[in-house]
Amino acid sequence: MPDAIEMAARSALAQVLPQDLPPEAIDPDADLEHLGLTSLNKVLFLTSVCDRVQVGLHHFTEHDLAAMRTLGQVVTALSRHAEVH
């Protein structure tokens, strides 16, 4: 499941980044803000990836969302709540 979550997160992130960056080229440890992600785009990214992996945003507090500063942190947080099929 984490691989599917990572692929979904990479794809969703690539769609909202200001620069044209292929999903596979995104460093999972890069700070989302340093990649050019605005607060609004972070919300769009998180909403999109949660929809894609069927994890409700209700699992996360405002503090949890603010603490997700890298792609890797997003994948880890989502993996904790993803259903195993």
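The unreviewed UniProt entry annotates residues 10-77 as "domain: Carrier"; its positions follow the numbering used here, feature names are shortened, and annotations may be inferred rather than shown by experiment. This is a predicted model, where local features need pLDDT of at least 70, side-chain atom pairs count only at pLDDT 80 or more, and totals for chains, interfaces and linings use all residues. Residues are numbered from 1 along each chain as its sequence is written, and side-chain values use heavy atoms, without hydrogens and water.

Start with the annotated span. Residues 10-77 are 51% helix and 0% strand. Their end C-alpha atoms lie 14 Å apart. Helices (H or I, at least four residues) and strands (E, at least two) are DSSP runs, numbered from the N terminus.

Now turn to α2. This helix has 15 residues. From first C-alpha to last it reaches 21 Å, close to the 21 Å expected at 1.5 Å a residue (1.5 Å times one less than its number of residues).

Which residues of α2 are buried? They are N41, K42, F45, L46, V49, C50 and V53. Buried means under 20% relative accessible area, exposed over 50%, partly exposed in between (1.4 Å probe, protein chains only). These residues sit on the same side of α2 because they cover an arc of only 165° around the axis, taken from the directions from the helix axis to the C-beta atoms. The face turned away from that buried side carries the exposed L40, V43 and D51.

Just after α2 comes Q54. Q54 lies in the loop between α2 (39-53) and α3 (62-67). Its phi is near 55°, a positive value in a residue other than glycine. Most residues other than glycine have a negative phi. Q54 counts as exposed because its relative accessibility is 61%.
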